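Good morning, and thank you for the time. I would like to take the group through the packing and the charged pairs of one model, and I ask that you keep the structure open as I speak.

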Amino acid sequence: TKHPAMKNLLYSIVLFSLLSCSSEDVMVLEPSLEWELGRNDFEMFVDGLSRHVAIHLPSSYDGESRVPVLFMLHGSGGSGNGFYNTSKWVEKSEEIGFIAVFPSSLKYDLSDGTSSTKWSSASLIDQIVEGTNIIDDVPFIEQIVSEIKANLMVNESRFYITGFSNGSGFVKSSIIQSMGNVFAAA
C-alpha cells in the first residue's frame with residue numbers, strides 16, 4: 001500500500017503474529033530442493049504449468065532453529081519478483097529472522113482488452129474474457145508449503161500469509177477456506 005499508516009499497520013499485525021506464537025511442532029523430510037541464504041528462485045510444475053516463487057532465507061537461518069514462514073501475495077499486475085524487491089518484507093525477514101515467500105500468479109486476458117497477472121480469487125470470473133479457464137492457485141501454494149516443510153527447519157504452527165489487493169482477495173476467498181489449518185494467521 002502507498003499509505004504509510006496502512007503499511008505500518010500491516011507490518012505490525014504480521015510481526016505481532018510472528019513473534020507471539022511459540023509451538024515447536026516441526027516435520028522434517030528428505031530435501032528435494034537446494035537452498036542458500038538470501039534469495040532462492042524456484043520453478044515448480046503444478047497442474048502442468050510452470051510456476052515461479054522467490055523465497056528469502058534470512059542470514060540468521062542456521063538450519064537448526066525452527067523459524068516462522070510468511071507468504072506475501074502480490075496484487076493484480078504484480079509478481080513475486082516485484083514484491084520481493086519492493087515490499088520491504090525481505091528487510092523484515094533479515095531483521096526478525098523469518099522465511100519470506102513471494103509466489104507469482106498467472107496472467108489472464110481481461111474482458112477490457114488488457115491482460116494482467118491475477119490470483120484465482122472469487123472476483124476473477126467477472127474480470128476475464130468469457131470462456132477463459134481459471135487455474136486454481138491453491139495447489140500452487142500447497143506445493144510451496146510442502147517443499148518448505150520438506151526442506152527447511154520451520155515451525156509448522158507459525159506459517160502466515162498476507163496479500164496486497166488481488167492477493168488479499170485470494171487469501172480471503174480461497175486460502176482461509178482451503179488451507180486454514182496450515183496458516184496460523186492471514
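Before the first residue, a definition: contact here means heavy atoms within 4.5 Å. Please also bear in mind that the model is predicted.

Leaving aside neighbours within four places in sequence, I148 is in contact with W35, I55, V69, F71, V101, V154 and F159. I148 also belongs to the largest nonpolar core, which has 32 residues. Within that core, the members that touch the most others are I55, F71, I99, I141, I144, I148 and F183. At least two residues of this core come from each of β1, β2, β3, β4, α4, β7 and α5. Helix α4 gives the largest share, with six residues. Another core lies apart from this one; it has 11 residues, including A54, F83, V90 and A100.

I turn now to the strands. Which strands pair with β2? One partner is β1, residues 38-46, and the pairing is antiparallel over nine bridges. In this pairing, M44 stands opposite R51 of β2. The two strands form a hairpin with two residues between them, and D47 in the turn has a positive phi of about 55°. The other partner I wish to mention is β4, residues 99-103, which pairs with β2 in the antiparallel sense over four bridges. There, I55 has V101 as its bridge partner.

Not counting residues up to four places away in sequence, F102 touches V53, A54, M72, G80, F83, Y84, S87, W89 and V90. For one of these, W89, the separation is 13 residues in sequence and 9.5 Å in space, C-alpha to C-alpha.

Let me close with the charged pairs. How many salt bridges does a search of the whole structure find? The search finds four, and I shall describe some of them.

Are the two partners buried or exposed? K92 counts as buried because its relative accessibility is 18%, under the 20% cut-off. E95 counts as exposed because its relative accessibility is 58%, over the 50% cut-off.

The last pair I shall show is E156 with K149, whose closest N and O atoms are 3.4 Å apart. E156 is buried, with a relative accessible area of 18%, and K149 is buried as well, at 16%.

That concludes the presentation, and I welcome your questions.

Conventions:
Residues numbered from 1 in each chain as written. Predicted model: local features only at pLDDT ≥ 70, side-chain atom pairs only at ≥ 80, totals over all residues. Heavy atoms only, no water. Salt bridge = Lys/Arg side-chain N within 4 Å of Asp/Glu carboxyl O. Buried < 20%, exposed > 50% of the residue type's maximum accessible area, 1.4 Å probe, protein only. Pairing = 2+ DSSP bridges. Core = buried A, V, L, I, M, F, W, Y, C linked by side-chain atoms within 4.5 Å.
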